[in-house]
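This report describes a pair of chains and the way they meet. Please consult the sequence and the coordinates alongside the text.

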There are 2 protein chains.
Amino acid sequence: MPKVEERGKGRKGKAEEKLSNLGKEVIEDISQIQPPRLKIPSRSTSNIIYDEANRYFVLGPRYGVRSAASMGQVKKFAQTMCMADFCRELTTSGKFATLREMYYTAEGWETGPFRDQGESDVILEDMEAMFGLKRESLGLMPEEDGAAVYGQLVVKEEDAVIDATKAGRGGYTIPPTIDDVEFVKCKAKRIIAIETMGMYHRFVQEGAWKTFDALIVGLKGQAARATRRFLKRAHDELGLPVYLFCDGDPFGFHIAMVIISGSAKLAYINHELAVPDAQFIGVTASDIVDHKLPTDKLRELDIARLKQIQKDPRYNSEFWQSEIKKMLELGKKAEQQAFSKYGLSYVVEEYLPSKLGLKQ
Amino acid sequence: MPKVEERGKGRKGKAEEKLSNLGKEVIEDISQIQPPRLKIPSRSTSNIIYDEANRYFVLGPRYGVRSAASMGQVKKFAQTMCMADFCRELTTSGKFATLREMYYTAEGWETGPFRDQGESDVILEDMEAMFGLKRESLGLMPEEDGAAVYGQLVVKEEDAVIDATKAGRGGYTIPPTIDDVEFVKCKAKRIIAIETMGMYHRFVQEGAWKTFDALIVGLKGQAARATRRFLKRAHDELGLPVYLFCDGDPFGFHIAMVIISGSAKLAYINHELAVPDAQFIGVTASDIVDHKLPTDKLRELDIARLKQIQKDPRYNSEFWQSEIKKMLELGKKAEQQAFSKYGLSYVVEEYLPSKLGLKQ
């Protein structure tokens, strides 16, 4: 496993290099009496492409120019310089700030570069796309903590060594600064990521982490950036297969798919977040039939959403196409907790082994 | 500090006693050829009273009768018996289930007692009010995990001993089953509970837990039941004063006040959750003026809400009345992060010491 020092240096090093090059290029332009200009990859819908080989959304080749010599572009050019300066301060001092703190910090500058946080957020996204680096690498972190992790994983954060079987039932919380975390030891053989915290606690309570040699990850609904980065790192660096257990409805599918193939909105950074090999293990329409689960009727919104994802390139596999079709035919959806109909332990003792192929 | 065994037995013992007595009374009625009946404290608005002495909402003396001999009441009577039976199973086995699991488990029973989860939830609230016990004591837990805790506290959950300075930056997560957690050791002298996780991470990063001998609690917005219970236990059992640091707007006030004096909706259980001595340390309207903070204009909804809480008995103190009035006059609100105007460390190095009276 790569040591945190190397990883840390890698992250910091890369960010410092990109920031420093940006500065050099601007200075060079100026010293050659040319107006400095930046090339920013376009994030508009028409430049977001599904990459069949990598199995996630990426940005296409189009980009925009931001020149200091254009009245229409100079404001954004200057804002980018302010933002880059703040990021250099953060990477140099080793501190992290939230996007909101970034915005309010700028309120204290004489230049007063941003009218509202919307403006500073857009500039940051430009910079992520320009550098091909996540904001976290630049010292800017999301507010939101990541998922809960329970199981045989030992990690190191700065000086603290954390055993994810000894952090309490609530588990080890993936911090927004997950790239600075070192994987020290891992005995688990797979990851089971779960949509709801209720089901996460069921899995912990029933000892599923032990029975299945698994890290149990409680997603808390839609996965945070830190969670997606954790899953990708655990998959790539520890070689753990990732299984996704969500509600059997379009939103559950979506939660899984954002982990698998990323979102269109974050196309510029999916290469650091997507886990294309992650596998959706349910709840599927077939499960609803096979296990005679309690269901709810699909609402109109559900039906519209299902018809929409039928045409989404990320769902263009035999498995997804057949399950979406079956759910539309059934006209029903089911929650993870529906397995409780057969008792609290059923989901762990019966359903999961059959899904993981551990049962005849 | 009371040992967990005693606490555990206390909780379990109380619940088992209440459940057992309920059964005995029903059997006694039947054996005397009387229709069994239950007395359920009324949770209607007219029976919710602000208790000036205790400084939180409680239920008044009114109650309703639920008789097995009334056509209008027998269904709810039977539902209560089913729910009590399920709770007895949980307390006997030492397991926990979520409300959703409870509902779906009932789907598997021949009696099919509940039409939807709304029905089972109401019966559970009846039982909490009838017994004067939280649902958690009966083995039913909320889905939601509690806050993040960072600082010099060591707790024990079953066999795991957890040091809240060694659980990672994300902190120790308060589990929904917080009453089963034992406080083993605490060197902290106070609790600082913080509305947003962004500010929680700021406090952890700046070492505020060390500087202020404090447990830093990241509330994640509106405090979960587990968080409120944790704060109450830490205050009562460890003698720690509790300080609340929220946004300077009506919602921030509300988040603080629910911790301080409980909500009207949970009047039947506030005696286990409210921390009337907890102190709101800001952001106040005075802070906005004194620190010249960046602000947003109060929206109409904010103004309406402020006028509403002016008349709320929980806000009937000189401090709150003056701050609400001042905010209305200002017509402005401010977020916690607004202090970043003076640099990332300002909130910890300047604002907090003055608020805690640690600075001249």
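Which exposed residues does the face of H2(A) turned away from its buried side carry?

## Basis of the report

The model is predicted, so local features need pLDDT of at least 70 and side-chain atom pairs pLDDT 80 or more, while totals for chains, interfaces and linings use all residues. Residues are numbered from 1 along each chain as its sequence is written, with chains lettered from A and ligands numbered from 1 in the order in which they are written.

## Helix H2 of chain A

The face in question carries A:Thr92 and A:Ser93. Among the buried residues of H2(A) are A:Met83, A:Phe86 and A:Leu90. The buried residues fall within an arc of 165 degrees, taken from the directions from the helix axis to the C-beta atoms, so they line one face of the helix.

Just after H2(A), A:Gly94 takes a positive phi of about 75 degrees.

## Contact between the chains

Chain B and chain A each give 41 residues to the contact, which counts residues whose C-beta atoms, placed from the backbone, lie within 7 Å. H3(B), a helix (a DSSP run of H or I, at least four residues), gives the most to the side of chain B, with five residues.

Of the residues of chain B, B:Ala167 comes closest to the rotation axis, at 2.9 Å (C-alpha).

Key:
Contact = placed C-beta atoms within 7 Å. Helix = DSSP H or I, 4+ residues; strand = E, 2+ residues; numbered from the N terminus. Least-squares fit on C-alpha atoms with pLDDT ≥ 70 in both. Buried ≥ 20, exposed ≤ 12 C-beta atoms within 10 Å, placed from the backbone.
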